[in-house]
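Subject: Structure handover

Hello,

Here is the structure for your work. My notes on what was found in it follow below.

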Amino acid sequence: MKVSRAWLQNYFATELPDGQILADAFTFHSFEVEEQTGNLLDLKVLPDRAGYALSHRGVAYELAAALDVPMKKDPLRETLPNWPQSNMLSVEVEDPKKCLRYIGAVVRGVTVGSSPTWLKEALESVGQRSINNVVDATNYVMLNIGQPLHAFDASKLVQKNEIYTIGVQEVEEHKVSDKKTGIPFTALGGEDGYLLPEGTLVITDKNNGDKILGVAGIKGGVVAEVTPHTTDLIIEAANFEGTSVRRTAQRLKLFTDASARFQNRPSPELAAYGMRDVLALIQQVAGGEVEGVVDIYPNPTQNLPVSVTTQKVNELLGSSFSSDEIGTAFKRLSLSTKISNDTFTVTPPFERIDLLIPEDLIEEVGRILGYDRLPPAQLPPLAGTPDQARFRGIERMKDQLVEQGFTEVSTQSFAKKGDIVLANPLDTKRPALRISLQENLDEALAQAQHYALLVLPPGEKPKLFEVGSVFPKEGEHVELRMTEAPKAWGKDFPTFDNLSKANMEEYGNGYEPKHYTLAPFKPFSLYPYIVRDVALWVPQGTEPVKVLNLIRGEAGELCIKISLFDKFEKAAKDGVPAKTSLAFRLIFQSFERTLTDDDANTAMEKAYAKLKSEGFEIR
Amino acid sequence: MESKNTPAVDGQPHATPKGHLHPMSVAMRDIAAIFGNQGFGIAYGPELEDEFHNFDALRVAGDHPARDMQDTFWTQEKPPRVPRTHCTSVTVRELERMAKEGLTELRMINPGKVFRNEATDATHEAQFYQLDGFAVGPVGTVTLAHLKGVWTRFYQEYIGPNAKIRFRPSYFPFTEPSVEVDLWFEAPGKEGRWLEMFGAGMLHPGVLENAGLDPKKVAGFAWGGGLERLIMVKYGVPDVRFFHNGDIRFVYAFDEKQI
């Protein structure tokens, strides 16, 4: 949620601190700050607070508590007007579980035009585009107090006996000719291509064959768009059930500011405050008169009181907060609290739908007083030894294999074939859960054989193992699999084991796995490498390392590894002195590009020249 | 006469014919030891979980966004199961065991593989490991302050003596209060900074109840976070995709010394 400091400032009599200080206040008391650029903040409002805080008012409320500076006004604590009942509008809600409240209003005689500068600037300050004064008013009030709103051009609806009839209903099966598609829908702004499947909750014109005016809680349709010619409006301030809105938004891939709010289930009480503010603002910026209002709200909601004691707060947090401090936290949050002895009974205001159990109140105390006040405490010792036997058994197996020259790899659990298949694989080539580690281990071995020259001592062949879960139809278990049987265990030893069956607990009991210190990660190149061998005769007694260093000095930076891979002696014979053959393997690789033969040849020529100049005979 | 000798000189330090452990195993041994000293055992559970242990018991209700197809893999089975999306499912199973065996205190770490249906990049993988865990005891004996103590000690032993942590408010359906835990990390030769490491909180009373425990009698904290992330921070690994692609170059990218 993008918020602007200037907008928040409307809620405070004293000047707010700069963006960075605001960001810190949010970070440690309320929300994660995703981005802060000057006076624009992008806040990550999580689901528990999103019911009340996806608005500048909600964010200002949090800021007031975090900074301990009271708000100068709170639109949600100001009274609601008594609207006249509309004689021109009727609303029919099909399922009150999907539409918890619907307030409709008729406004006549507006002049649609551009918005005043302050309104344009306010919207633009949070990255929104100004459209016209009426639409801007609905957006402003939503961003200000969190209630999604919509304005329909009344003239686009059919009146029967001078009455407009709005319907809130689901798309019926018989209206969808092809079940796979749905009813075509063109959203405001002319975006078309949406197909509304059966069951989509929509706003309709009941007097015009249930013509679809909008997708409930998500987006209005172009059919009743407010244009410069519009004079009469039907305003909607409703509350649509969160799951239904979320599912529809996902199905249509149409995510809007309205859907983001409804899916977090704001209180239906909020709709009335939204209507109050939007009617006032429309009249202010576009003129017109409110004809009347219809409010369909069959099951009003009310928050229940929640109690917590000072002792319980401190027992859960490990704090030593006094009752006074706890009372301060509730006061900073403007929570109406009854205190008797050390018990606090909070009756949350209607918008705080997140305060249901004592632990919810404890979180409020913790975050407002600050988690930095919790001392790091040590857990008391437990009787007995903690049970790590199974872990140690498995690690003991690994230690044995490493001793035998095996290298551990880790591979992916998804496979081309298997007994259990995913309904929604990410990689459609690997839709199943592996039934064995074999397939991956084969691939890893082929790869390892190619890379062995880079990482293993010369002449060493890679031997791999993996420990991982497999999912055959007999049931999930942990498998150990090796690319060959360890020599020391005899060649008839199987190359796999079911570690869920083997008694790893007993095997690990009392075993202390080997510990290693690892140096920091050493990046390796992902480009191909080139291998060159050089064999030469050197006088007997010549240190191979001396020769190796000569080569290294000439081979250049692209030579990442040189190793001696063969050495033998030729005894003196027929007056020729004894000599030694050395063979070195050079590996060339770059971090920036694929090397060419020329790169390697050039380096080798330099090395040959150097070796010859030292009097060695290249074989 | 010619005689062959075993080559004795290598340009690289890996002259040993021993194999290599995956860095994750090396790390888990250190982690297990540090938590072991604070009374934590190690618990395991199935990677392919039922809905109850992965979601319902943790108060992730049937219509919660986390259960959607775009976040979670589902099997074609009836009823469907999920490659677990977190190891908190193991916590649920351990809490159930506490209830069954009548235990009033238990501390466990649950390392294991988890699955998320999301596009991969240098910091996201569809398969990764989590280091989950919990401590539960009689009410008042295991608090949010203890979570701070346990993890401060862990990081000071695992990362370095200057390590410290801080809590920020957060939200998870299965903890209340919920926090994010940041680590103060000073990479060699660089300025220290705060890194977001994992989520945690006090187990929600509803979760304890779902497992058959009485929240009036016991309470505790739980946490969960990426294991690769911890290793990436400690050893400077730039890309999470190195961990589980079976590439031995990654396994050999850390010079090792046995202690």
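Is Tyr140(A) buried or exposed? Keep in mind that this is a predicted model. The relative accessible area of Tyr140(A) is 11%, and buried means under 20%, so the residue counts as buried.

Aromatic pairs: the search of the whole structure gives 37 of them over all chains. In one of these, the ring centres of Trp118(A) and Tyr140(A) lie 5.3 Å apart with the planes at 90°, so the pair is edge-to-face. The pair links distant parts of the chain, 22 residues apart: Trp118(A) belongs to helix α5 (residues 117–125) of chain A and Tyr140(A) to helix α6 (residues 133–145) of chain A. Trp118(A) is partly exposed, at a relative accessible area of 37%.

In chain B, ring pairs join Phe35(B), Phe40(B), Trp151(B), Phe154(B), Tyr155(B), Tyr158(B), Phe198(B), Phe221(B) and Trp223(B) into a cluster.

Charges over rings: Lys164(B) has its charged end over the ring of Trp184(B), 5.4 Å from the ring centre. The charged end of Arg249(B) sits over the ring of Tyr451(A), 3.7 Å from its centre.

Chain B overall:
- There are 7 helices and 11 strands in chain B.
- Its C-alpha atoms fill a box of roughly 85 × 45 × 35 Å along the principal axes.
- Of its 259 residues, 62% count as buried.
- Its accessible surface is about 9,400 Å², with 51% belonging to carbon and sulfur atoms.
- Its 28 positive and 34 negative charges have mean positions 3 Å apart.

Regards

Key. Residues numbered from 1 in each chain as written. Chains lettered and ligands numbered in written order. Predicted model: local features only at pLDDT ≥ 70, side-chain atom pairs only at ≥ 80, totals over all residues. Heavy atoms only, no water. Helix = DSSP H or I, 4+ residues; strand = E, 2+ residues; numbered from the N terminus. Buried < 20%, exposed > 50% of the residue type's maximum accessible area, 1.4 Å probe, protein only. Areas by Shrake-Rupley, 256 points an atom, 1.4 Å probe, with all protein chains shown as cover. Lys, Arg positive; Asp, Glu negative; His and termini not counted. Charge placed at Lys NZ, Arg CZ, Asp CG, Glu CD. Phe/Tyr/Trp six-rings, centres within 6.5 Å; stacked < 30°, edge-to-face > 60°. Lys NZ or Arg CZ within 6 Å of the ring centre and 35° of its normal.
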